[in-house]
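Student: I would like to learn how to read a few features of a structure. Please show it first.

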Amino acid sequence: MPTSNPEHGRPADWGDITLTQAACRILETASPAAKSIRSRETAAAWRHGAIAEIGAVPPPDRPARPDHPVLKHPSEMPRRRGAAGRVALLHAIAHIELNAIDLAWDMIARFASPDLPRAFYDDWVMVGDEEAKHFTLLSTRLAELEAAYGDLPAHDGLWQSAQETAHDVLARLAVAPLVLEARGLDVTPVMIEKLDKAGDIESARILRIILAEEVGHVAAGWRWFGHIATARGLDPAPAFQALVRRYYRGTVRPPFNRASREAAGFSAAWYEPLAEPESPA
Ligand SMILES: [Fe+2]
Ligand SMILES: [Fe+2]
């Protein structure tokens with residue numbers, strides 16, 4: 001990572017660092033604040049051409065993370081109501097966004113290949129940049145609510161899904177953007193409504209930004225899944241369904257946010273065949 005130029009507070013020189021090398025340095029950064037800053041700086045450097053080569057530096061198995069939050073099994077997560085419930089919700093989303101920063105850069109470092117066009121890297125750099133923005137918005141909001149990321153426990157489900165798909169870019173694209181991030185599109189409008197009802201306009205505003213930008217992340221997943229599946233001679237939709245059945249341990253459940261999924265190019269014909277019936281209220 002370049003040293004910051006104290007006079008301008010900007011990266012002074014990226015030298016001949018490659019994109020995969022810069023991605024690994026983000027993954028190896030434990031501090032969430034520093035990870036977010038590096039993610040955004042690296043994205044800017046790629047966009048401006050200060051980082052030009054992709055290189056081939058493999059990522060660590062697990063990204064570096066701070067000592068807190070403590071990672072627990074999802075069933076051990078405490079349930080909270082009222083204002084504490086809102087903090088718990090924002091904390092849980094912040095944790096997802098932090099994982100998402102690492103997932104974007106892991107996509108680049110792990111699956112970099114001369115077979116992939118530059119647009120593949122452009123898309124995942126954009127995702128890494130926006131996930132860092134989302135994490136930063138949520139940490140700022142938590143601070144306004146006199147809380148901080150790390151105060152509450154969190155679960156490790158996201159990175160476990162990542163590890164189970166570390167061997168194949170198509171499996172990773174199926175599970176990370178097209179199941180997990182698409183699920184975010186389904187559940188976020190309900191959270192926004194609850195925050196609005198509770199009068200927490202600022203948190204609702206942040207979630208609206210996240211929801212709008214996550215459409216682009218699902219779109220990137222859909223685009224590259226189609227590109228790579230077709231290059232392998234596979235029919236994309238059935239290939240997607242087979243990979244989700246094999247590598248996703250959870251259930252794909254309605255109700256779906258069809259409008260946002262459709263806006264990402266992700267048509268119901270892809271995911272409907274995977275859907276388990278809606279659980280009774
Ligand atoms: Fe995000
Ligand atoms: Fe995302």
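Student: Which residues do ring pairs link into a cluster?

Tutor: Rings of Phe, Tyr and Trp (its six-membered ring) pair if their centres lie within 6.5 Å; planes under 30 degrees apart count as stacked, over 60 as edge-to-face and the rest as tilted. Here the cluster consists of Trp222, Phe225, Phe240, Phe256, Phe266, Trp270 and Tyr271. This is a predicted model: local features need pLDDT of at least 70, side-chain atom pairs count only at pLDDT 80 or more, and totals for chains, interfaces and linings use all residues. Residues are numbered from 1 along each chain as written, chains are lettered from A and ligands numbered from 1 in the order written, and side-chain values use heavy atoms, without hydrogens and water.

Student: How is the pair of Phe240 and Trp270 arranged?

Tutor: Phe240 and Trp270 are tilted, at 5.6 Å centre to centre with 45° between the planes. Both Phe240 and Trp270 are buried (under 20% relative accessible area; exposed is over 50%, partly exposed in between; 1.4 Å probe, protein chains only).

Student: What does Glu97 contact?

Tutor: Contact means heavy atoms within 4.5 Å. Beyond neighbours within four places in sequence, the contacts of Glu97 include Glu131 and Glu214.
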